[in-house]
Amino acid sequence: MVEIDPILANDWYIVSQAKDIQPGNIKPLRLLGQEIVIWRGNSPESPVVACQDWCPHRGVALSLGKIVGDHLTCRYHGWQYDQQGKCVNIPSLTTQLPPLNACVKTYQCQESQGYIWVSLGNPVQDVSSFPEWDNPDYRLFISNPYHVKTSPFRVIDNNLDQSHVPFLHEGSIGHPDYPIIENYEVTTEKDSITVHNINAWQLDGSYFNNSKTVRKITISSIKVARPLSLKVVKEIDNGAKIMHWFINVTPIDEESCLMWISLAMNYGYEITESEMQTSTDNVICEDLLMLESHRPARLPLLPRQGTDTEWPPEVHVPCDRASIAYRRWLKDLGITFGVC
């Protein structure tokens, strides 16, 4: 059993888009190495429930069952569980009530900002905030999730790194003739890392016009307010266009994760959902190529922990200061899951 850091267990993670869990739906998944199932009863007002994907009768997966009314029903022997995880019906019993210990562990679960969020522990704060979600001045878009075979912290680290854009994303958003990342500031607080005012040159910059014209853009801020949640604010055309990237990473286990992306823009209302998905896919799939080639797959912290010497220490340069600050921050938080 992998030990889960309390700060991770007590945080919230996206496990599905809300639209994908309709009444009567069941979805199995892994979160922080734990097998869970989310489901919704057949009533239109039924909330989404998250529980351990395990029937206490014979230990089979409840996700193989079905929804009967507002109860999750095990396919093996027909035992039924309510939204609190209590067994309320055992068909083989005629008059006797189900045993008190016939129950399934449930987890905190809520719908917000178009997603289903789950916490395995006892969160002291709400889900990650994306204020632009309710702002009528912004065009919203939720991308399909991306399964990444690497440490979830590698994904956040990659999105803090702007110096890879001219090369890995050559022809999509980057140009190798413009590799310089000007000096920028990083602020480290107890509960966050914030990068301020990165100036760079990119193709078009809006991601959706397929322009080959290089133009200056400003990333006014990149903020990591949770270990696996990041928000980017990008200004285009001297601030006339603003794009917010909201990235949340769901840790499946120590070397596998899901990346969820929401976008909010004060432009681009004419762009179709399909076009936005295609453009996002093009950029993210370039990232996936490198993310899944990292060795080690787990993110090396600073100072690096453990005695594994199979891979030498990584070499850092000045433009890596955001990544360096993130790794030191994770170390200070006591993160041990998915890092080395």
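A hairpin of 2 residues connects strand 15 to strand 16, and Arg-226 stands opposite Ser-229 in strand 16.

I noted that this is a predicted model, in which local features need pLDDT of at least 70 and side-chain atom pairs count only at pLDDT 80 or more, while totals for chains, interfaces and linings use all residues. Residues are numbered from 1 along each chain as its sequence is written, and side-chain values use heavy atoms, with hydrogens and water left out.

On the other pairing, I found 10 bridges between strand 14 and strand 15, again antiparallel, with Gln-202 opposite Arg-215 in strand 15.

I then checked salt bridges (a side-chain nitrogen of Lys or Arg within 4 Å of a carboxyl oxygen of Asp or Glu), and the count comes to 11. Arg-215 meets Asp-237 at 2.1 Å, N to O; Asp-237 lies in the loop between strand 16 and strand 17 (241–253), 22 residues from Arg-215.

Arg-327 pairs with Glu-314 at 2.8 Å, N to O, so that helix 5 is tied to the loop between helix 4 (273–291) and helix 5. I recorded Arg-327 as buried at 4% relative accessible area and Glu-314 as partly exposed at 31% (buried is under 20%, exposed over 50%, partly exposed in between, with a 1.4 Å probe and protein chains only).

Technical notes: Two strands pair if DSSP finds at least two bridges between them. Helices (H or I, at least four residues) and strands (E, at least two) are DSSP runs, numbered from the N terminus.
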